[in-house]
Amino acid sequence: MALRHAVLATLLDGEYSGYQLTKLFDVGVSNFWYAAPQQLYSELTKLEDAGLISGREVVQQGRPNKRVFLVTEAGIDELASFAASSSKPLLIRDDLAVKVHAVDMVDPAPVIAQLHERAVEAAAKLEVFERALVHMRGDLDEESFLRQSDRIGPYLTCLAGCRLERQMRDWCLSAARTLGERATQPHSGGKAS
């Protein structure tokens, strides 16, 4: 997947400025795609040059004018083509997981501290995603929303983000607890093979 597809998918919900897009990425897309603001602005230019989005200037009183973007029919076609293509398996590159993998041969204290930090970060993201789900659902319960809503894709991806962050939080706390307990107990010193 390219950043272009994540931007196009985000713009499906309406006409947004680059600034609004960065905020949407922070909340609704960050669970499956990270992009720095400068990457998003650069991608908007490329997408507009390719005819996949259209932009227009909005004049604002007392504030700088802003440019807002909307997906074109060509952008919808690009997303349709992307949706029909085979998906690649999930690829995770996480430096904390590498540190945990090596923890038997290094001082576990900094790794334990980082696990706690990551658990706090995951809990904060989980809270944001859960609030977003409530906002998207409005007055409907989840089952009714999924059955009746015109657009459920953002909800489903946010739901996946909740599950991932909950699992990350729980794994970090469990791993930190296990490492902490092992650090206080004498053990045989033999290495697992």
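Strand 2 and strand 3 run antiparallel and are joined by six bridges; strands (E, at least two residues) and helices (H or I, at least four residues) are DSSP runs, numbered from the N terminus. The model is predicted, so that local features need pLDDT of at least 70 and side-chain atom pairs count only at pLDDT 80 or more, whereas totals for chains, interfaces and linings use all residues. Residues are numbered from 1 along each chain as its sequence is written, and side-chain values use heavy atoms, with hydrogens and water left out.

The three strands form an open sheet in the order 1-3-2, with antiparallel pairing. Strand 1 and strand 2 (53-58) stand at the edges with a single partner strand each, so one side of each is left without a neighbour in the sheet. Helix 3 packs on the sheet, where it touches strand 2 and strand 3, contact being taken as heavy atoms within 4.5 Å. The direction of helix 3 makes about 115 degrees with that of strand 2, the axes being lines fitted to C-alpha atoms, for helices over the stretch in contact, and the angles running from 0 to 180 degrees between N-to-C directions.

Helix 2 (residues 18-29) presents two contrasting sides. Its buried residues are G18, L21, T22, F25 and V29 (buried, under 20% relative accessible area; exposed, over 50%; partly exposed, in between; 1.4 Å probe, protein chains only). Because they cover an arc of only 105 degrees around the axis, these residues lie on the same side of helix 2; the arc is that of the directions from the helix axis to the C-beta atoms. On the other side of helix 2, Y19 and D26 are exposed. The cover over the buried residues includes helix 1 (3-11), strand 1 (16-17), helix 3 (37-49) and strand 3 (66-71).

A search of the whole structure finds one aromatic pair. F145 and Y155 form this pair, which is tilted, with 4.8 Å centre to centre and 45 degrees between the planes (ring centres of Phe, Tyr and Trp, its six-membered ring, within 6.5 Å; planes under 30 degrees apart stacked, over 60 edge-to-face, the rest tilted). The pair links F145 in helix 7 (residues 142-148) to Y155 in helix 8 (residues 153-184), 10 residues apart. F145 is buried, with a relative accessible area of 6%, and Y155 is buried at 0%.

Key: Two strands pair if DSSP finds at least two bridges between them.
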